[in-house]
Amino acid sequence: MIVAAMLGVALQAQERQVVDGIVAVVGKTIIKNSDVEQAYAQVRMQQGVQNAQQERCRLLESMLINRLLLHKGMIDSVEVSDDRVEQEVSNYLESAVNQAGGKDNLRALFNYSYEELHDLYFDLIRDRMMSQQVEMQLTENVSVTPSEVMEFFHAIPADSLPQIATQYEVSEIVIQPKASEMERERVRGELAELRERILKGEKFSTLAKLYSEDPGSAANGGELGFFGRGRMVSEFEAAAFALKPGEVSPIVETEYGYHILQMIERRGNTINVRHILMQPKVLSDDLLRARVTLDSLAQEIRKGAITFEDAAKRYSDGESKSQGGEVVNPMMGNKRFDKETFNQLYPGIGIVAMEEGEISNATPLRTQDNKSAYCLIRLNKKIPAHTANLTDDYDRIYNAALQNAQQKKIVSWCNRMVRTTYIRIADEYKNCPNFKVNWPVND
């Protein structure tokens, strides 16, 4: 889905050879009818649409603003690093290859080769980065005061205030067992044998498909796509950039396991490599010890022999240990979770049935890097479902007020820019009632 969303009609219209129409021109850039229709179809599928024409008008205005930001970036010669673009391009190419089931299948699925997709992605992503950079420059100094947050909130009609589902604030203690040295030695030995086979002439890509434990690259023969410095963990990056084309690295250890790498190509300050990843396994006995340790620790906390905060700082392997185990919602940037988000992170813990202050039993957990662990969870606070208010939801309302202020700044800037920019809008969109910008509607 990520590939279709990224390319939109840039792929679909060309694949179907549809004759497309231009609905708007901003400076030297255009917006096609198919751009609007593709965006409209995605919105309709994801959340439904009450008024089709108003939604199309809203989507067109968003595109007009983006094109105006891009136009400003071109005028000011805003610099976007090719390395940054290449790094993001490689992410999308990897997704495309995975979706197609291999590099050789790209043309059958998308009607483009790997190289053609690269060039198409590169232009799309460079333009997006340029418009985002201009937008950031325009809004970087926008802020809202507490009184402005209150004013924004009180301006929302009472029947339009959002309903907030029950939320939870939690703390965690995580124990992530480490693989034994014997297991590490076994993996290093197997990887050394694979390296020797490659040096004797076997294809790296074939062995990567058979043995690599990196699900994101194994099907593609271990190929990672182009990336620049700062993208990979330091040990991997140092080994990769030291290689010459075709050269195979020694065994490299990172937090993800053990690797061997082969240089494919160097392009400017970016490189493309293959790798084979093998990960030492945590044995069931190690996991059992972690579970027993956490269950004993839970009993000590419940008896008052140690506080949850001190136990987290002393024993936890989680990132939250320095905060006494308090967990931050990575999606919201605050300490609150709704049930769905919590269950994604901690499946198997019935947070809905827990009481404030209650501590779970030791429960299996998959860490963010997909490793086996056990955790304890304490429910610190339960915020019942309610209508949004300033007491319980200040952070949420502050962010909405800030976004509103930033949007007003962009609209004000657009109203100035349109006076000196060539803009043409197709007749069917000239009378949109919900445009925020005073777009010129006369030729």
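Predicted model: local features only at pLDDT ≥ 70, side-chain atom pairs only at ≥ 80, totals over all residues.
The protein contains 15 helices and twelve strands. Its C-alpha trace extends over about 75 × 65 × 35 Å along the principal axes. Of the 443 residues in the protein, 45% are buried. Among contacts with a separation of 6 or more, 66% are made by residues 24 or more positions apart.

Helix H8, formed by residues 146-154, packs against helix H15, formed by residues 394-417; the two axes come within 9 Å. The axes cross at roughly 90°, and because angles of 65 to 115 degrees count as roughly perpendicular, H8 and H15 are assigned to that class. On the H8 side, the contact is made by Pro146, Val149, Phe152 and Phe153. By residue type, the contact of H8 with H15 comprises nine nonpolar residues and one polar residue, with no charged residue.

Ser131 is located in helix H7, which covers residues 114-139. The relative accessible area of Ser131 is 9%. Burial is defined as a value under 20%, and Ser131 is therefore classed as buried. When neighbours within four places in sequence are left aside, the contacts of Ser131 are with Asn66, Leu69 and Leu70.

A search of the whole structure for cavities of 30 Å³ or more returned one. The volume of the largest cavity is about 70 Å³. Helix H5, residues 82-100, gives the most to the lining of this cavity, supplying five residues. The lining includes Ser90, Leu93, Glu94, Val97 and Asn98. Tyr114 also lines the cavity, as do Gly216, Ser217, Asn220, Glu223, Leu224 and Gly225. In contrast to the contact of H8 with H15, where no charged residue is present, the cavity lining has two charged residues. The remainder of the lining divides into six polar and four nonpolar residues.

Methods:
Residues numbered from 1 in each chain as written. Heavy atoms only, no water. Axes fitted to C-alpha atoms, helices over the stretch in contact; angles between N-to-C directions. Helix = DSSP H or I, 4+ residues; strand = E, 2+ residues; numbered from the N terminus. Parallel < 35°, antiparallel > 145°, perpendicular 65-115°, else oblique. Contact = heavy atoms within 4.5 Å. Nonpolar A, V, L, I, M, F, W, Y, C, P; charged D, E, K, R; others polar. Buried < 20%, exposed > 50% of the residue type's maximum accessible area, 1.4 Å probe, protein only. 1 Å grid on protein atoms, 1.4 Å probe; cavity = no way out; pocket = protein on both sides within 12 Å on 5 of 7 lines; lining within 4 Å. Points joined across faces, edges and corners; volume = space filled by probe spheres on them.
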